[in-house]
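Student: I should like to work through this structure by question and answer. May we begin once the sequence and model are displayed?

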Amino acid sequence: MVRCFLRIVGRDVRLALRQRADASLAILFFVLTAALFPFGVGPEPNLLARMAPGIIWVSALLAVLLSLERLFLADYEDGSLELLVLAPQPLELTVLAKALAHWLTTGLPLIAAAPLLAVFYNMDLAGLPMLLLAMALGTPSLSLIGAVGAALTLGARRGGVLIPLLVLPLNVPVLIFGVLALDAALAGLNARPHMMFLGAIFLVFVVVTPLAGAAALRQAVE
Amino acid sequence: MHRFANPGRFMRLANAVLPWSGGLSALLIGVGLYLALFGSPADYQQGESVRIMYVHVPAAWLALFVYTVIAGASASALIWRHPLADLIAKASSPIGAAFTFLALVTGSLWGKPMWGTWWAWGDARLTSMLVLFFLYLGHMALMNAFDDATRGFRAAAILALVGFVNVPIIKFSVEWWSTLHQPASVFRMGGPTIDASMLWPLGLMALGFTLYYVSLLLLRVKSDLIEARIRARAAARGG
């Protein structure tokens, strides 16, 4: 079962690496979105430093959304999803594997690009470790919830537009605690309570989302 | 439960209940409003603005209640394949969204004189109620997003269950985080802390709103069943 899990992760990562556009598109969108705000609010460094945590997190949220529609779509269209549903290993594990692959090809590049944005926004670089840690704890939850959203909208009209509507409300807690953790670290306060919340959210999602995603996939191939 | 899955039996039940629930709802809301606007005292701190509470609180209660009904119906649809459960979820969603919107708007109108602001972003209850509103909208959008109605029902049912975690968060948010919104005064351990002169109009309005929801729900499910019957007859004739 572990081998099947790793196989699916490996397959998805390999497919994503072949179309290098996806991962780079996410990073590009991330940086581009975050680059737009200074044009809107003005270049004053203190203001930007104050806004940095929120803007980085929101841009990360939006960038994760980009590649969600394609998470199951290719398999749905060429029939491999039906095989995955009928396969002996639990569908929940497949959903988990796909979410992990999504995080590896989207979340991880975003974490790598985040320091660049921190520099753009004149953020105090003492907060950088906390930024990376909070994003490392928060972005997996985004991939997990995104997987459920992608599974629910398979074959829907305008599925791509629908996914943000479904996924963003459930991403709000991750956003809130991610920003709180970073703000606390920047202010020199203890960020542990907020990180605990991020961890708790991840634990809840890692249990609930495979169940919901598997149920959604099953009714999609019926 | 499956006794009422028979559309014919449901229609007869709905037809019997509807005039009563509708009439009683109108009566309770009427009496409740009279008591709320004239028959209850003004608040010693807030003055007359406290009377918004008699719309805001029942609307918020209904928003949570309707979502709970939807979650129950979704579970019933997914686990037991109850035929009416999908229709109940479909019919309840817009009503719940409307109650949530009413709660948010009346809360905002109340917040301006009381807190000095139309909205407070840092407050846990306001944020989670806003998330609830988006969950309702997502539920409605997902249900209508598929050409095959059954897929829409199933997908929306799964979404409703995933989002149900928000309901206890809304309820307990004022206890877990002490921000702007005031803590519970009615449904709390140790009983309500509101005086009877205010509790009565609140209760009457809440009951009136609930019966209003029931009436609307029965109407909408009835019309969905009739629509399905018309479609079946048209298909039979055309085929």
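Student: Which residues touch the most other members of the largest nonpolar core?
Tutor: The model is a predicted one, in which local features need pLDDT of at least 70 and side-chain atom pairs count only at pLDDT 80 or more, while totals for chains, interfaces and linings use all residues. Residues are numbered from 1 along each chain as its sequence is written, with chains lettered from A and ligands numbered from 1 in the order in which they are written. A nonpolar core is a set of buried Ala, Val, Leu, Ile, Met, Phe, Trp, Tyr and Cys residues joined through C-beta atoms within 7 Å, and the largest one here holds 136 residues. Those touching the most other members are A:Ala151, A:Ala181, A:Ala216, B:Ala63, B:Leu142 and B:Ile158.

Student: Which helix gives the most to this core?
Tutor: Helices are DSSP runs of H or I with at least four residues, numbered from the N terminus. The leading contributor, with 15 residues, comprises residues 53–80 of chain B, namely helix α2.

Student: Which residues of chain A does B:Leu142 touch, not counting residues up to four places away in sequence?
Tutor: Contact requires C-beta atoms, placed from the backbone, to lie within 7 Å. Under that sequence exclusion, B:Leu142 touches B:Gly152, B:Ala155, B:Ala156 and B:Leu159 in chain B. In chain A, B:Leu142 touches A:Leu152, A:Leu162 and A:Leu166.

Student: Which element gives the most to the side of chain A that touches chain B?
Tutor: In total, 18 residues of chain A are in contact with 17 residues of chain B. On the chain A side, α7 (128–152), α8 and α9 (192–221) each supply at least two residues. The leading contribution, 6 residues, comes from α8(A).

Student: Where does α8(A) kink?
Tutor: Helix α8 of chain A has 28 residues (159–186), which at 1.5 Å a residue should span 40 Å; the end C-alpha atoms are 39 Å apart, in agreement. The expected span is 1.5 Å times one less than the number of residues. A bend is the angle between axes fitted to the seven residues ending at a position and the seven starting there. The kink of about 40° lies shortly before A:Pro169, at A:Leu168.

Student: Is A:Ala220 buried or exposed?
Tutor: A:Ala220 lies in helix α9 of chain A. Beyond four places in sequence, A:Ala220 is in contact with A:Tyr76, A:Ala151, A:Leu154 and A:Gly155. A residue is buried if 20 or more other C-beta atoms lie within 10 Å of its own, exposed if 12 or fewer, and partly exposed in between. Because A:Ala220 has 22 such neighbours, it counts as buried.

Student: Which element of chain A has the highest mean pLDDT?
Tutor: The pLDDT is the predictor's confidence in each residue, from 0 to 100, and chain A averages 90. Among the elements of chain A, helix α4 (residues 70–78) has the lowest mean, 86, whereas the highest, 94, belongs to α7(A).

Notes:
Contact = placed C-beta atoms within 7 Å.
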